[in-house]
Amino acid sequence: MTSVGLGKGADLGGLEGADRHCQSLAQAAGAGNRIWRAYLNTQASALNDPKFVNARDRFGPGPWQNAKGVVIATNVEELHSAHNNFTKQTALDEKGQPVNGTDRPNKHDILTGSRPDGTAFPGAPFPDMTCGKGGSEGSAMIGHHDRAGPIDASWAVSWNSAHPTRGCGPEELRSTGGDGLFYCFAEK
């Protein structure tokens, strides 16, 4: 997971900008010898538009470990199941440090734009789930890296698909417990 966002809320400069941020943070942490990809989806412009990207297809078949070598998931199916090892203690930043959950300041909302299985949401007429509109008009689906939610329901404690944001700017993300952070996976 990123230790810091880009400072512009959910404006990450597209997948390319998010990937660059992952690579830069990994490089600074001494792990830049691999290709790093952001766990993010894109959303097509219309329901019948095939131009979208699924996060689950961006970084290979697994396994994945956190910055301290703890296995998070062994394959794509496990990653997107209840059997993955995403917890507040294991979802570390690139330096191997824990990221605030619902403690202060709350940073447990992690940008994904994802459905629970790691696939993209359909395009229009469905709502924006990737901050494609930006500002206060847009919205992004987020996950809870600490698996904490307002109720004990699978969607509320999902690491990648808990609820949409109230907008896409820094203040809108903070209003629900986010800071523009996202997950990074090494490509195999």
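**Notebook: pockets and ring pairs**

I looked up the second largest pocket and found about 270 Å³ of space in it. I took a pocket as an open set of points on a 1 Å grid over the protein atoms alone, where a 1.4 Å probe fits, with protein on both sides within 12 Å along at least five of seven lines; lining residues have an atom within 4 Å of a point. The volume is the space filled by probe spheres set on the points, which are joined across faces, edges and corners.

Of the 18 lining residues, I noted Ala10, Leu12, Gly14, Leu40 and Thr130 as the closest to the centre of this second largest pocket.

This is a predicted model, in which local features need pLDDT of at least 70 and side-chain atom pairs count only at pLDDT 80 or more, while totals for chains, interfaces and linings use all residues. Residues are numbered from 1 along each chain as its sequence is written, and side-chain values use heavy atoms, without hydrogens and water.

I then turned to the largest pocket, with a volume of about 590 Å³. It has 26 lining residues, and Trp36, Gln65, Asn66, Ala67 and Cys184 are the closest to its centre.

Next I checked the rings and counted ten aromatic pairs (Phe, Tyr or six-membered Trp rings with centres within 6.5 Å; stacked under 30 degrees between planes, edge-to-face over 60, the rest tilted). Trp64 and Phe185 are edge-to-face, at 5.7 Å centre to centre and 90° between the planes. Phe86 and Trp159 are stacked, at 4.3 Å and 10°. I found Phe86 and Trp159 buried too.

Conventions: Buried < 20%, exposed > 50% of the residue type's maximum accessible area, 1.4 Å probe, protein only.
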